[in-house]
Amino acid sequence: TISIANERLQRGCSIISDTFGFAIGETDKAKCPIAVSGRVLAYGYESREEFKKHIGYPVCSGPNGTVSKMTREEIREYPECILGIVSAIPSYKIWGQANVEVNGRIWVTIK
């Protein structure tokens with residue numbers, strides 16, 4: 001089974017997104033889309049404005065399946081919790097040929 005992260009810096013987390021590059025555990029009843037490399041759209045725990053000020057910063061798990069901006073101290077103390085790096089804050093509402101809704105998400109480059 002899998003579960004959504006329920007706290008910041010939760011270990012063993014991955015980013016789940018509809019802009020994934022791979023699916024694990026796929027059956028005829030369900031699948032778990034995960035990102036193993038590249039960039040994905042993810043919901044941020046902090047505001048989009050906060051992420052705009054911190055492009056290039058590492059993110060970790062956040063409550064309710066979000067990603068959260070890590071502090072410098074957290075990066076030093078918990079490097080194993082880094083999920084990826086904030087790469088862009090999109091201003092558009094729809095992305096790609098599949099017309100994926102951005103819905104307030106941010107781009108994260110997977111670690």
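The following legends describe close-up views of a predicted model.

Local features in this predicted model need pLDDT of at least 70, side-chain atom pairs count only at pLDDT 80 or more, and totals for chains, interfaces and linings use all residues. Residues are numbered from 1 along each chain as its sequence is written, and side-chain values use heavy atoms, with hydrogens and water left out.

**View A. The largest nonpolar core and its members.**
A nonpolar core is a set of buried Ala, Val, Leu, Ile, Met, Phe, Trp, Tyr and Cys residues joined through side-chain atoms within 4.5 Å. Here, buried means under 20% relative accessible area, exposed means over 50%, and partly exposed lies in between (1.4 Å probe, protein chains only). The largest core has 14 residues, of which Ile15, Phe51, Val59, Val67, Val86, Ile106 and Val108 touch the most other members. Two or more residues come from each of the strands β3 (39-42) and β9 (106-110). Strand β9 gives the largest share, three residues. Helices (H or I, at least four residues) and strands (E, at least two) are DSSP runs, numbered from the N terminus. In soluble globular proteins, nonpolar side chains tend to be buried together.

Contact means heavy atoms within 4.5 Å. Leaving aside residues up to four places away in sequence, valine 86 touches Phe51, His54, Ile55, Gly56, Tyr57, Val59, Ile106 and Trp107.

**View C. Two cysteines without a disulfide.**
A disulfide is a pair of cysteine sulfur atoms within 2.5 Å, and the structure holds zero of them. The cysteine sulfur closest to that of cysteine 60 belongs to cysteine 81, but the 6.8 Å between them is too far for a bond. Cysteine 60 counts as buried because its relative accessibility is 0%. Cysteine 81 is also buried, at a relative accessible area of 4%.

**View D. Strand β4 and its partners.**
Two strands pair if DSSP finds at least two bridges between them. Strand β4 (residues 58-61) pairs with strand β6 (residues 84-88) in the antiparallel sense over two bridges; proline 58 has isoleucine 85 as its bridge partner in β6. Strand β4 also pairs with strand β5 (residues 67-69), again in the antiparallel sense, over three bridges. In that pairing, the bridge partner of valine 59 is lysine 69.

**View E. The hairpin turn and asparagine 64.**
Strands β4 and β5 form a hairpin with five residues between them. Asparagine 64, in the loop between β4 and β5, has a phi near 60 degrees, a positive value in a residue other than glycine. Asparagine 64 is exposed, with a relative accessible area of 67%.

**View F. Histidine 54 in its loop.**
Histidine 54 is found in the loop between α1 (48-52) and β4. Its relative accessible area is 13%, so histidine 54 is buried. A polar atom of the histidine 54 side chain lies 2.8 Å from the backbone oxygen of glutamate 50. Not counting residues up to four places away in sequence, histidine 54 touches Lys69 and Val86.

**View G. Asparagine 99 between two strands.**
Asparagine 99 lies in the loop between β7 (94-95) and β8 (100-101). Although asparagine 99 is not a glycine, its phi is positive, at about 55 degrees. Asparagine 99 is exposed, with a relative accessible area of 53%.

Technical notes
Polar contact = N/O pair within 3.5 Å; in protein donor to acceptor, adjacent residues only side chain to side chain.
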